[in-house]
Amino acid sequence: MSQNSQRRLLITAGPTHEPIDAVRFVGNRSSGRMGVALADAAAGLGWRVTLLLGPVAARPLHAGVVVRHFRTCEDLRTLLGEEVSRADALVMAAAVADYRPRPNAAMSGGKFRRTNAPMTLELEATPDLLAEVSANRKPGQFFVGFALEPKAELLESARAKLVRKKVDMVVANGLETMDSETVEATILFADGGRMDTAGVMSKPEFAVWLMGVIGAAGSGTGLRTED
């Protein structure tokens with residue numbers, strides 16, 4: 001990662017909305033607050049920040065954050081393709097839908113009408129965007145993923161994600177983080193290192209702390225404990 005004060009950070013935040021028809025969609029409850037807080041914290045620390053932001057009300061406060069908007073997984077895929085090669089670090093905090101409605105001619109072209117008959121919605125898997133960009137990363141880029149799971153499965157899932165997505169670091173936090181104002185997280189590194197937050201933190205506090213960890217780890221100066 002570049003050592004100068006104008007390191008480039010690309011952050012994704014918020015949910016995707018995968019359309020069923022022109023007005024209905026499959027989505028999730030991600031507020032985007034974590035990613036927005038990270039963008040503000042990074043800009044305050046001197047990073048050049050581009051935020052890819054999903055359909056949420058949250059907006060960054062720092063004037064230096066460049067915001068580009070997405071709605072669907074495919075929208076985000078396109079933006080990542082345009083932006084990731086310019087980044088020194090990628091923080092993939094977006095809650096991308098794992099599945100989307102399979103295209104259906106009966107539901108295309110507008111809003112389908114409600115009837116009393118049962119309706120079957122067929123879903124297909126969305127592409128793994130972080131794994132895609134990780135497979136084509138440039139030397140020196142530092143990639144960060146997030147794992148949001150029930151606490152009993154959290155660390156096992158985060159370790160699997162490190163390997164599967166070929167990233168440098170995974171931020172693991174429980175399901176209660178979604179829609180919450182606070183975070184309590186464990187960070188796992190690809191080299192086997194681990195860091196934990198000192199208890200519960202507000203998302204803005206956590207964002208500053210995490211950006212310090214990313215900056216140090218990406219430049220090779222981070223201090224971690226062994227799991």
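This is a predicted model: local features need pLDDT of at least 70, side-chain atom pairs count only at pLDDT 80 or more; totals for chains, interfaces and linings use all residues.
1. Local features are taken at pLDDT of at least 70 and side-chain atom pairs at pLDDT 80 or more, while totals for chains, interfaces and linings use all residues. Residues are numbered from 1 along each chain as its sequence is written, and side-chain values use heavy atoms, without hydrogens and water.

2. Helix α1 (residues 33–44) packs against helix α5 (residues 203–218) at about 55 degrees, with the axes 8 Å apart. Helices are DSSP runs of H or I, at least four residues, and strands are runs of E, at least two, numbered from the N terminus.

3. On the α1 side, the contact (heavy atoms within 4.5 Å) includes Arg 33, Met 34 and Ala 37. On the α5 side, Lys 203, Pro 204 and Phe 206 are among the residues involved. By class, this contact has eleven nonpolar, no polar and two charged residues.

4. The largest pocket has a volume of about 920 Å³. Its lining comprises 37 residues, of which Ala 94, Ala 95, Val 96, Phe 146 and Lys 161 lie nearest the centre. Lining residues have an atom within 4 Å of a point on a 1 Å grid where a 1.4 Å probe fits, and a pocket is an open set of such points with protein on both sides within 12 Å along at least five of seven lines.

5. Strand β9 (142–149) gives the largest share of that lining, five residues.

Note on methods:
Axes are lines fitted to C-alpha atoms, for helices over the stretch in contact, and angles run from 0 to 180 degrees between N-to-C directions. Ala, Val, Leu, Ile, Met, Phe, Trp, Tyr, Cys and Pro count as nonpolar, Asp, Glu, Lys and Arg as charged, and the others, Gly among them, as polar. Grid points are joined across faces, edges and corners, and a volume is the space filled by probe spheres set on the points.
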